[in-house]
Amino acid sequence: MMKLSLGPILWFWSRQSVFDFYGEAAEWPVDTIYLGEVVCSRRRELKPDDWLDLARDLKACGKNVVLSTLTLIESEADLRRLRKFCEQDEFLVEANDQSALQVAIRNRIPFITGPSMNIYNTATLKILAKQGLQGWNLPVELGKETLEQLIAELKHEDLDLPAEVFSWGFLPLAWSSRCFTARHYNLPKDNCQFRCLEHPDGMELRSRENQELFRLNGISTLSGSRYDLMRELPDMEQMGVSTVRLSPEHQGMGEVVKRFDQVRRGEAPDTDPLQLVEAPPCNGYWYGRPGMDLQKGSS
């Protein structure tokens, strides 16, 4: 049976909200939980030692824990925080950019790659496997056809590299050195007043036609529609996907996990997760189409 993972929190939540969230997540039927700040280095409600303590608590609850790194390393301070994760040997590290990849390899610690890493072929996977790669995430813009080919090629090469697929949530699309949230409030990035705390699921960005195009989240831009591959889980299992990733949201996440767990067990979900939230659905990337598309007959 495929595993369920809870990806790192992409949003900026208060310290207590983070602890409350993971206190609930400890009871959810997820196998792996990713911890760490992956978007903005100014988000310091939790320090590296706090994440490590939280990781130990969740491990004691029977969860497999992976420490996630920043997606955009911009300073020596960012590198120091990165080294803190890469110098421990209790947990796997998820490398989300080349800096994390290099530090993990230099420290000879096992790692996996996150969905922001540009891995498009088995040649890359073979090189990384020799350097400590334990698993990988399909980049969010790739779909079923590419994944099927990569898994088949890995099997042919006799490489055991579990594949994970981002399957629920707003798709992380791009990162910038500029902070879009601060810009919205006419504030400089270095004095942003942490306005992201006011938007626990990001800021909606709509077109003139009132179509929800994106979500702004500090320095990152996400899809305006929620990606939902719940109906595609049987295909993924047949393909050989190891883990399905669900991206945390501020409300209703326990119900989303429950529905995905039902489907992976071969049961009919009580309700469609998309009925629990107000956002247009999408699954276009999975079918090789524009990301905001929704393939008919799905979800």
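1. Leu205 sits in strand 8, which runs over residues 203-206. This is a predicted model. At a relative accessible area of 36%, Leu205 is partly exposed. Together with Leu173 and Phe214, Leu205 makes a nonpolar surface patch of about 220 Å². Patch members need over 30% relative accessible area, and Leu205, at 36%, is partly exposed.

2. Overall build. Nine helices and twelve strands make up the secondary structure of the chain. The radius of gyration is 18 Å, close to the 19 Å from the globule rule for 299 residues, so the chain is as compact as a globular protein of that length. Along the principal axes, the C-alpha atoms fill a box of roughly 50 × 50 × 35 Å.

3. Of the 299 residues in the chain, 54% are buried. As for contacts between residues at least 6 apart in sequence, 66% join residues at least 24 apart.

4. The annotated cysteines. An unreviewed UniProt entry carries the annotation "binding site" for Cys40, Cys179, Cys192 and Cys196. These positions span 157 residues in sequence, yet no two of their C-alpha atoms are more than 11.7 Å apart, so they gather at one spot. The record does the labelling here; the gathering is computed from the model.

5. Cys179. Where does Cys179 lie? Its place is the loop between strand 7 (163-175) and helix 7 (180-184). Cys179 counts as buried because its relative accessibility is 14%, and the cut-off for buried is under 20%. Leaving aside neighbours within four places in sequence, Cys179 is in contact with Lys189, Gly218 and Ile219.

6. Cys196. This residue is in the loop between helix 7 and strand 8. Is Cys196 buried or exposed? Cys196 is buried, with a relative accessible area of 11%. Beyond neighbours within four places in sequence, its contacts are Phe12, Arg43, Thr181, Asn217 and Gly218.

7. Leu4. Strand 1 (residues 3-6) holds Leu4. Leu4 has 0% relative accessibility and counts as buried. Which residues does Leu4 touch, not counting those up to four places away in sequence? Pro29, Val30, Asp31 and Thr32 are among them. So are Thr243, Val244 and Val257, along with Phe260, Asp261 and Arg264. Glu141 is 137 residues from Leu4 in sequence, and their C-alpha atoms are 20 Å apart in space.

8. Salt bridges: Lys144 and Asp235. The count of salt bridges comes to 22. One of interest joins the side chains of Lys144 and Asp235, at 3.6 Å from N to O. The pair links distant parts of the chain: Lys144 is in helix 6 (residues 144-156), Asp235 is in helix 8 (residues 233-239), and 91 residues separate them. Lys144 is partly exposed at 25% relative accessibility. Asp235 is also partly exposed, with a relative accessible area of 33%.

9. Salt bridges: Glu249 and Arg226. The side chains of these two residues meet at 2.7 Å, N to O. Glu249 lies in the loop between strand 11 (243-246) and helix 9 (253-264), and Arg226 lies in strand 10 (residues 220-228), so the pair ties together parts that are 23 residues apart in sequence.

10. Arg289 and Asp293 form a salt bridge through their side chains, at 3.3 Å from N to O. Arg289 is partly exposed at 43% relative accessibility. Asp293 is partly exposed with a relative accessible area of 22%. Elsewhere, salt bridges with shared partners join Asp31, Asp261, Arg264 and Arg265 into one network. Some of these names return from the point on Leu4: Asp31, Asp261 and Arg264 are among the residues that Leu4 touches.

Definitions and conventions
Residues numbered from 1 in each chain as written. Predicted model: local features only at pLDDT ≥ 70, side-chain atom pairs only at ≥ 80, totals over all residues. Heavy atoms only, no water. Patch = residues over 30% accessible without salt bridge, like charges linked within 9 Å, V, L, I, M, F, W, Y side chains within 5 Å. Areas by Shrake-Rupley, 256 points an atom, 1.4 Å probe, with all protein chains shown as cover. Salt bridge = Lys/Arg side-chain N within 4 Å of Asp/Glu carboxyl O. Helix = DSSP H or I, 4+ residues; strand = E, 2+ residues; numbered from the N terminus. Buried < 20%, exposed > 50% of the residue type's maximum accessible area, 1.4 Å probe, protein only. Rg over C-alpha atoms; globule rule 2.2 N^0.38 Å. Contact = heavy atoms within 4.5 Å. UniProt positions renumbered as here; feature names shortened; annotations may be inferred.
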